[in-house]
Amino acid sequence: MIRLQQILTPERSLVNVQGGSKKRVLEHIAELVAKDQPGLSADTIFDSLIARERLGSTGFGNGIAIPHCRIAGASEPMSMVLHLSDAIDFDALDGAPVDLLFVLLVPEEATDEHLELLSQVAGLLDKPAIRQQLRDADSNQALYQTIVDLQQAA
């Protein structure tokens, strides 16, 4: 079983990210992933994220969104976490603006891994105290370490 801490890096754990809009955040995510994953284009990543959003918002509630999709050409799962400087409208199920985003990108054929990772993230973010710990992280490293510590405690 893949654990979230295996596919998240300190470089993909970002605080004080400028949001602006749902579209702009997804574009930013696509650009960051493309820089980190040679062979994947920002356009392909963005198009895949937008296609998934069209099926229904990945706004989970409580200020959380979990943008996720399968990516053609991806060789392994990867994750990213962003704490936005200002919450944005993400069409969340509860209508609340979103300031924490957990991104999951998996290879096109990785159905079981995709579902397992989504389950891990949703379970982690279901607890108000954990959401607050993530929001309180004041640096990229602190955000990453909070997730690692939480995963190890689970």
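This is a predicted model: local features need pLDDT of at least 70, side-chain atom pairs count only at pLDDT 80 or more; totals for chains, interfaces and linings use all residues.
# Exercises: cores, phi angles and overall shape

**Exercise 1.** Find which residues I29 touches, not counting residues up to four places away in sequence.

Residues are numbered from 1 along each chain as its sequence is written, and side-chain values use heavy atoms, with hydrogens and water left out.

**Exercise 2.** Work out which residues of the largest nonpolar core touch the most other members, and which elements supply the core.

*Solution.* 
1. Buried means under 20% relative accessible area, exposed means over 50%, and partly exposed lies in between (1.4 Å probe, protein chains only).
2. The largest core has 28 residues, and I29, I45, L101 and L105 touch the most other members.
3. At least two residues each come from β1 (13-17), α2 (22-36), α3 (42-55), β4 (68-71), β5 (78-88) and β6 (98-107). These labels are DSSP runs numbered from the N terminus: helices are H or I with at least four residues, strands are E with at least two.
4. The top supplier is α2, with six residues.

**Exercise 3.** Look up phi for N16 and N62, then decide for each: buried, partly exposed or exposed?

*Solution.* 
1. Most residues other than glycine have a negative phi.
2. N16, in strand β1, has a positive phi near 60 degrees. Its relative accessibility is 57%, so N16 counts as exposed.
3. N62 also has a positive phi near 60 degrees, and sits in the loop between β2 (59-61) and β3 (64-65). At 43% relative accessibility, N62 is partly exposed.

**Exercise 4.** Count the helices and strands, then find out how compact the chain is.

*Solution.* 
1. There are six helices and six strands.
2. In sequence order they read α-β-α-α-β-β-β-β-β-α-α-α.
3. The radius of gyration is 14 Å, close to the 15 Å from the globule rule for 154 residues, so the chain is as compact as a globular protein of that length. (The radius is taken over C-alpha atoms, and the rule is 2.2 Å times the number of residues to the power 0.38.)
4. Finally, buried residues make up 49% of the chain's 154.

Notes
A nonpolar core is a set of buried Ala, Val, Leu, Ile, Met, Phe, Trp, Tyr and Cys residues joined through side-chain atoms within 4.5 Å. Contact means heavy atoms within 4.5 Å.
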